[in-house]
Amino acid sequence: MRKGKTFIICGPSGVGKGTVVARLLASDPTLYFSVSATTRPPRAGEENGVHYHFLSREQFEQWIAAGDFLEYAEYVGNLYGTPCRYVDQAMEQGRDVLLDIEIQGAELVHQKRPDTVRIYVAPPSWAELERRLVGRGTEDMEKVRSRLARGREEFAAARNFDYFVINDTVDHAVGELRAIMLAEHCRPCERISLISQ
Ligand code: ADP
Ligand code: 5GP
């Protein structure tokens with residue numbers, strides 16, 4: 001059986017990570033999206049256990065102490081973390097896993113699991129990023145500014161990623177992401193073990 005691979009989707013807040021991930025999941029029910037835990041309050045329409053596991057800081061710290069996270073990081077005043085149990089289960093079932101996480105978390109996962117594929121999603125311009133983040137209407141202007149500043153800081157690390165996708169149109173970005181995922185399964189290290197002896 002083909003082994004599952006983990007793909008990390010990283011990029012500045014508002015670039016469209018959630019949008020492209022939702023499109024990938026809708027078109028491939030075998031894909032597994034890792035639902036993170038966070039201390040951030042839910043936005044309108046976000047459901048506990050679907051978009052995030054919404055935890056108090058105290059609960060989050062209990063999860064850390066119990067060793068429940070593959071990685072966790074602080075992002076603009078809140079904690080975010082990837083629960084490890086479900087990621088491992090999904091990969092054992094041969095499913096590809098998508099992690100929508102920020103850059104410190106991406107680095108930690110890659111250190112622990114070097115076969116993880118890191119994809120940076122960039123906006124076509126910084127002005128367009130600001131339009132998207134403001135247009136989403138989920139953060140006040142102070143938080144928008146913090147998120148934009150954080151996005152600019154993180155951009156320096158983008159060249160160390162395995163792939164770089166520009167989300168100009170959703171169709172184009174999703175097409176490139178599908179191509180990357182397919183190509184990663186065509187590497188000799190993935191394929192040779194599938195040939196029957
Ligand atoms: P992220 O998860 O990276 O923070 P979202 O997926 O929430 O970003 O997208 C931010 C906003 O930008 C949303 O309102 C979304 O509808 C919009 N958006 C996403 N991708 C595109 C695109 N290619 N062109 C225009 N708007 C987009
Ligand atoms: P948001 O508050 O917009 O949902 O997410 C803010 C940032 O946190 C985004 O860059 C998102 O990718 C990141 N994030 C979401 N879940 C996790 C996680 O489990 N771990 C880490 N390190 N970052 C996460």
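Predicted model: local features only at pLDDT ≥ 70, side-chain atom pairs only at ≥ 80, totals over all residues.
A pocket, as the word is used here, is an open set of points on a 1 Å grid over the protein atoms alone, with protein on both sides within 12 Å along at least five of seven lines. A molecule sits in such a pocket if more than half of its atoms lie within 2 Å of its grid points.

The protein contains eight helices and nine strands. Its C-alpha atoms fill a box of roughly 60 × 40 × 30 Å, taken along the principal axes. For a chain of 197 residues, a compact globule would have a radius of gyration near 16 Å, and the value of 17 Å found for the protein agrees with this.

The space taken by ligand 2 is the largest pocket. Around ligand 2 there are 16 residues, and Ser36, Arg40, Tyr52, Tyr80 and Asp100 come nearest. The strands β5 (69–75) and β6 (78–83) each supply at least two residues of this shell. Sorted by class, the shell around ligand 2 holds seven charged, five nonpolar and four polar residues. Several polar contacts can be picked out one by one. The side chain of Asp100 places an N or O atom 2.6 Å from an oxygen atom of ligand 2. Backbone atoms take part as well: a polar backbone atom of Thr82 is 3.3 Å from an oxygen atom of ligand 2, and a backbone N or O atom of Ile101 lies 3.4 Å from an oxygen atom of ligand 2. On its own, ligand 2 has 510 Å² of accessible area, and the protein covers 95% of it.

Ligand 1 also sits in the largest pocket.

The polar contacts of ligand 1 involve both backbone and side-chain atoms of the protein. For Lys17, a backbone N or O atom lies 2.8 Å from an oxygen atom of ligand 1. Thr19 contributes through its side chain, where a polar atom lies 2.6 Å from an oxygen atom of ligand 1.

Key
Residues numbered from 1 in each chain as written. Chains lettered and ligands numbered in written order. Heavy atoms only, no water. Polar contact = N/O pair within 3.5 Å; in protein donor to acceptor, adjacent residues only side chain to side chain. 1 Å grid on protein atoms, 1.4 Å probe; cavity = no way out; pocket = protein on both sides within 12 Å on 5 of 7 lines; lining within 4 Å. Helix = DSSP H or I, 4+ residues; strand = E, 2+ residues; numbered from the N terminus. Rg over C-alpha atoms; globule rule 2.2 N^0.38 Å. Near = heavy atom within 4 Å. Areas by Shrake-Rupley, 256 points an atom, 1.4 Å probe, with all protein chains shown as cover. Nonpolar A, V, L, I, M, F, W, Y, C, P; charged D, E, K, R; others polar.
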